[in-house]
Amino acid sequence: MKILGISFGKKNANTDILVKEALFGCREAAPDAQISFINTCSLNIGRCRGCGACSTALEKGKNDNVCIFKDDFQALEEQVREADCLIVGAPVYVLQPVGQFKDFVDRFSCRHDYSAITWIMDKRRNGEMPGDPDGFPMERLKKRTVSYISVGGATTDNWTSMGTATLHLFGFPPMMKVMGNYNANSMGTVGNPLLDDQMISDMHEMGRRTVEGYNDDSAEFFQPSSKPAGVCPVCHQRLITVNPGTTTVECPVCGIEGKLRIENDEIKVDFSEEQQARARGTFAGLREHTTEIQSFGSICGPKIMANKEKLDKLMKERIKGFDTAINNK
Ligand SMILES: Cc1cc2nc3c(=O)[nH]c(=O)nc-3n(C[C@H](O)[C@H](O)[C@H](O)COP(=O)(O)O)c2cc1C
């Protein structure tokens, strides 16, 4: 078994401490595992430039969908691909995980979308796309478990409100099974967590659970007793989007709809089994999106073809010629 801890925090600071403690927990559950740790702080991971080279490579028949921009991204990606269990920690910078985390996710996650890749392989099998139907190295989408640690300086969850929720964006496209997420508060002073016995014990339990989840499909998500339970039964987050004019809400992480009610002055949200089965991190949820985005062409294509000259003119005058157009006004 290969276990990988990734910290997006400062070297030897609090995110490193918590990720490493969770790795000690992993060691307790998997004494023979190969365990490694990476701190990303000095790595050069540029942003996704949306060039589409990764997706068109597969569509054209290539057997992998590598990112064509070369920097430190590839080395980190390779380590993630090889890992069976992962602990991912990031500091909160302005309510969410530090930007480097999102840069990594943007370049990693779409390219490891389980549904998108198997969809292309199915198209090849049906002769609708070129390439070997069994060509994609499917071990890259192998079973994995993950736990997330969000590390904030604020004393309460109020200023870390999108920390753990955003960390979930890392693992859902390749359908990693989430075994825990932890929101660590009051993490401004380096070393602080090492003196918090409850937090260290929670890290160890989350590490053990991450390994257990890999070995046993029935192992349950780790809910620390010291933290409030989640509302969404799938991702265990407490973020909710309200659908105006209705009593329905959505979990923004899983994209599933729930029904809001008040019971004994307490807000409750019921998510049906049917909705839970189409959460973003399930195959059904991912496939729903793969299918949905196929309609881009049929919605926009005819409009663009019918107005090609007008569009070319508008692009030239108003977009490429923006500086002239705006200053002539
Ligand atoms: C630019 C910046 C923005 C921050 N924003 C927040 C914030 O919104 N909420 C919060 O709880 N902590 C915030 N912090 C504090 C860090 O999350 C905290 O110090 C954390 O321990 C850093 O992780 P590290 O010790 O692993 O580097 C911010 C820190 C920096 C540098």
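**View 1. Where domain 1 meets domain 2.** Here 19 residues of domain 1 are in contact with 13 residues of domain 2, contact meaning heavy atoms within 4.5 Å. This is a predicted model, in which local features need pLDDT of at least 70 and side-chain atom pairs count only at pLDDT 80 or more, while totals for chains, interfaces and linings use all residues. Residues are numbered from 1 along each chain as its sequence is written, and side-chain values use heavy atoms, with hydrogens and water left out. The two domains bury about 1400 Å² between them, 64% of it on carbon and sulfur atoms; buried area is the accessible area (1.4 Å probe) that two parts lose on being put together, summed over both. Ser 115, Phe 172 and Met 175 supply 34% of the area that domain 1 buries against domain 2, more than any other three residues.

View 2. Look for Thr 15, where a polar side-chain atom lies 2.6 Å from an oxygen atom of the ligand. At Met 187, a polar backbone atom is 2.5 Å from a ligand oxygen atom. Gly 153 places a backbone N or O atom 3.0 Å from a nitrogen atom of the ligand. Polar contacts like these are pairs of N or O atoms within 3.5 Å; within protein, one must be able to donate a hydrogen and the other to accept it, and residues adjacent in sequence count only if both atoms are side-chain atoms.
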